[in-house]
Amino acid sequence: MEEGKLLTRERGGYILSHKGYLCNRHSENKDGSRTHWMCRKRPTCTKRATTVTPTGNSDTVEVLKHVDHPSHLPAPEEAAALKTYDKMKRTATEHPEAPPAQILRNALPQVASSTLVHLPLRESMKRTFNRRRQGSLPPNPKSLQDLGEIPADFRLTLGRKEFLIYDSYNDEDSDGSDDEDQERRR
């Protein structure tokens, strides 16, 4: 029997890569022993594949039935592009301090030129990375009271040097002069 590669997607799903073709998971049989896959180029390509249902953390799966796709050629570079793009998105999530341009500069030189055409546009990738980065950052405060104490990671520059020397959020004024200033401003 032949083996196919399973590409893990960020939301927990899989894509089957076999002979350069990519297929999305479609369904399982009643006893759960086999998984059916549909070509990603659907509706123009209606070819299917059948595999033994993946178990455990293995990234390979036994392909029981696979028919070549006469409506399009295999594109193994597309599978490489998916892996690369997922890796870049994971980097953006794990390292919110890294700007999107830096993530692209670090990842793209290692990508083959034939794979680059299967990646999204550069600006689209930057927007995606920014959304990922924002998810791991605290929300912007609406008022000074919402700010609270500034976390230690946000007191440092990108060079890991401290720029916030003293945080006076928890200090109370003994003479009340700060309260008088706030009253005048209102």
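Predicted model: local features only at pLDDT ≥ 70, side-chain atom pairs only at ≥ 80, totals over all residues.
Residues count from 1 along each chain as its sequence is written. Local features need pLDDT of at least 70, side-chain atom pairs count only at pLDDT 80 or more, totals for chains, interfaces and linings use all residues, and side-chain values use heavy atoms, with hydrogens and water left out.

**Exercise 1.** Work out what span helix α4 should have, and check it.

*Solution.* Helices are DSSP runs of H or I, at least four residues, numbered from the N terminus. α4 covers residues 122-135, which is 14 residues. The expected span is 1.5 Å times one less than the number of residues, so α4 should span 20 Å. Its end C-alpha atoms are 20 Å apart, so the two agree.

**Exercise 2.** Find which residues of α4 are buried, and which exposed ones the opposite face carries.

*Solution.* Buried means under 20% relative accessible area and exposed over 50% (1.4 Å probe, protein chains only). Met125, Thr128, Phe129 and Arg133 are buried.

**Exercise 3.** Describe how α2 and α4 pack.

*Solution.* Start with the contacts, meaning heavy atoms within 4.5 Å: Pro100, Ala101, Ile103 and Leu104 in α2 meet residues of α4 including Met125, Phe129 and Arg133. Next, the geometry: the angle is about 120°, with the axes 9 Å apart. Axes are lines fitted to C-alpha atoms over the stretch in contact, and angles run from 0 to 180 degrees between N-to-C directions. Angles under 35 degrees are roughly parallel, over 145 roughly antiparallel, 65 to 115 roughly perpendicular and the rest oblique, so α2 is oblique to α4.

How values were computed:
Helix = DSSP H or I, 4+ residues; strand = E, 2+ residues; numbered from the N terminus.
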